[in-house]
Every structure is written in structure tokens, then in C-alpha cells.
Amino acid sequence: MVELLEIYQLAQKMNNLLKDKRISDIDILQPRCTNLSVREWNRKTRGVLVKEVYHKGIWICIALSNDKTILISLGLGGDLSYFTSLGQIKKKHHVCLVVDDEEGFTIKFWCFGKFLLSSNADLEKEISLKDIGEHLWNRRVGLGYIEIPKDKCKVKKDEL
């Protein structure tokens, strides 16, 4: 299973590579991993700008400029490979997303992977994401956010 730290690092790298680029094509060779047909994917995402890539739990979320979000779960594992030209596309993959007509990434799921599209309004209702809370690495969450009852916490003077 993919670890949280790996997803965090992948999302950061994907954000650096994909942010402010337009989706030109999506190809899905494994229809069981998604919630839309290839035609629907391309109709809803072609020409749309990638605003940000972030993670929520072990999900990679690609926020789009049309108020939709692509959700990626590698399930029990997978290979996510970035390419800079169409000639570098791996032959065996389940999903291929191309941005700016030349670069993008492919995903080959090992088991139970998901590649979903959700509107931002329905994102809070998405069954896989709705119960995931804020992550402690999130800058909005800090020590002031965590409340520890005084009677449960003892600090030695030497540790201050």
C-alpha cells in the first residue's frame, strides 16, 4: 500500500510539473478504475487549466479551473510515470493524461486503483474523501489547533 509520505511527495512534484498547464487528452484503458467514459472525460476536461495538485489522505487531487477535481488513488500500489514527449509513453498503463500536447503522466495500477472526476460541490460528499480530516502537515493546522487538556499533559522544566 502506498504510504502517506509518498503521496505527499508525489502531489508536490505533480504540482510543480502540471500547475498552470492545460489538459489536452485523457486516455483510459481500464474502465473499471473510473466513473466516466473516455468521451465524457475528454468533454469535461479537454482545454481545462490545472490550478493545483494537492493530497487529501492517500488521494492525489488535481484541482481544475472548471470547478472540478480529478481524484487519484493508487490503491495497493501503482506506477505513476511522468513523460515530456509522447514518444516516452509507457506501453502498459491504465490511464494517460496529456497536458500542453506533449507532456503528462501515465498510471499503471497494481490493484484497486481509482481515477475519478468530481465537481467541487460534490467533493465533500465523495464517499472516499468525506471523512478525511486536516493533515498535520497542513500549514493551517498547528499546535494552536490541537487542544491537550492540562491534566493529561506534564512537561518537565528541563525540557523547556
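Me: What is the bridge partner of Y82 in β7?
Reply: F105 is the bridge partner of Y82 there. The model is predicted, so local features need pLDDT of at least 70 and side-chain atom pairs count only at pLDDT 80 or more, while totals for chains, interfaces and linings use all residues. Residues are numbered from 1 along each chain as its sequence is written, and side-chain values use heavy atoms, with hydrogens and water left out.

Me: And what stands opposite G104 in β7?
Reply: F83 does. Strands here, like helices, are DSSP runs numbered from the N terminus (strands: E, at least two residues; helices: H or I, at least four).

Me: How many bridges join β5 to β7?
Reply: Six, and β5 (residues 78-83) runs antiparallel to β7. Two strands count as paired if DSSP finds at least two bridges between them.

Me: What about β6 and β7, how many bridges there?
Reply: Five bridges join β6 (residues 95-99) to β7, again antiparallel. V95 stands opposite I107 in β7. The two strands form a hairpin with three residues between them. D100, in the turn, has a positive phi of about 50°.

Me: Is β7 largely enclosed or open, and why?
Reply: Largely enclosed by the rest of the structure, because six of the seven residues of β7 (residues 103-109) are buried. Buried means under 20% relative accessible area, exposed means over 50%, and partly exposed is in between (1.4 Å probe, protein chains only).

Me: What order do the strands take in that sheet?
Reply: The order is β1-β6-β7-β5, in an open sheet of four strands with antiparallel pairing. β1 (23-28) and β5 stand at the edges with a single partner strand each, so one side of each is left without a neighbour in the sheet. The twist averages 10° from one strand to the next.

Me: Which helix lies across β5, β6 and β7?
Reply: Helix α1 (residues 4-18), running at about 25° to β5. For such angles, axes are lines fitted to C-alpha atoms, for helices over the stretch in contact, and the angles run from 0 to 180 degrees between N-to-C directions.

Me: Different topic. How many helices and strands are in the protein chain?
Reply: Two helices and eight strands. From the N terminus on, the elements run α-β-α-β-β-β-β-β-β-β.

Me: How much of the chain is buried?
Reply: 37% of the 160 residues count as buried. The chain exposes about 10,600 Å², with carbon and sulfur atoms supplying 50% of that. Areas come from the Shrake-Rupley method with a 1.4 Å probe, and for residues only the protein chains shown count as cover.

Me: Which residues touch the most other members in the largest nonpolar core?
Reply: I62, I70, I72 and F115, out of 27 residues in that core. α1 gives the most to this core, with four residues. A nonpolar core is a set of buried Ala, Val, Leu, Ile, Met, Phe, Trp, Tyr and Cys residues joined through side-chain atoms within 4.5 Å.

Me: What is I62 in contact with, leaving aside neighbours within four places in sequence?
Reply: M14, V50, E52, V53, K68, T69, I70, I72 and F105. Contact means heavy atoms within 4.5 Å. Another core, of five residues, lies apart from the largest one, and among its members are C61, L71, L116 and L123.

Me: Now S73. Buried or exposed?
Reply: S73 counts as buried, at 8% relative accessibility. S73 lies in β4. A polar atom of its side chain is 3.2 Å from the backbone nitrogen of G75. Leaving aside neighbours within four places in sequence, S73 is in contact with I58, W59, F109, G113 and K114.

Me: And F112, buried or exposed?
Reply: Exposed, with a relative accessible area of 65%. F112 is found in the loop between β7 and β8 (114-119). Leaving aside neighbours within four places in sequence, F112 is in contact with G75 and L76.

Me: Last one, where is V38 found?
Reply: In helix α2 (residues 38-45). V38 counts as partly exposed, at 30% relative accessibility. V38 is in contact with I26 and I28, again leaving aside neighbours within four places in sequence.

Key. Polar contact = N/O pair within 3.5 Å; in protein donor to acceptor, adjacent residues only side chain to side chain.
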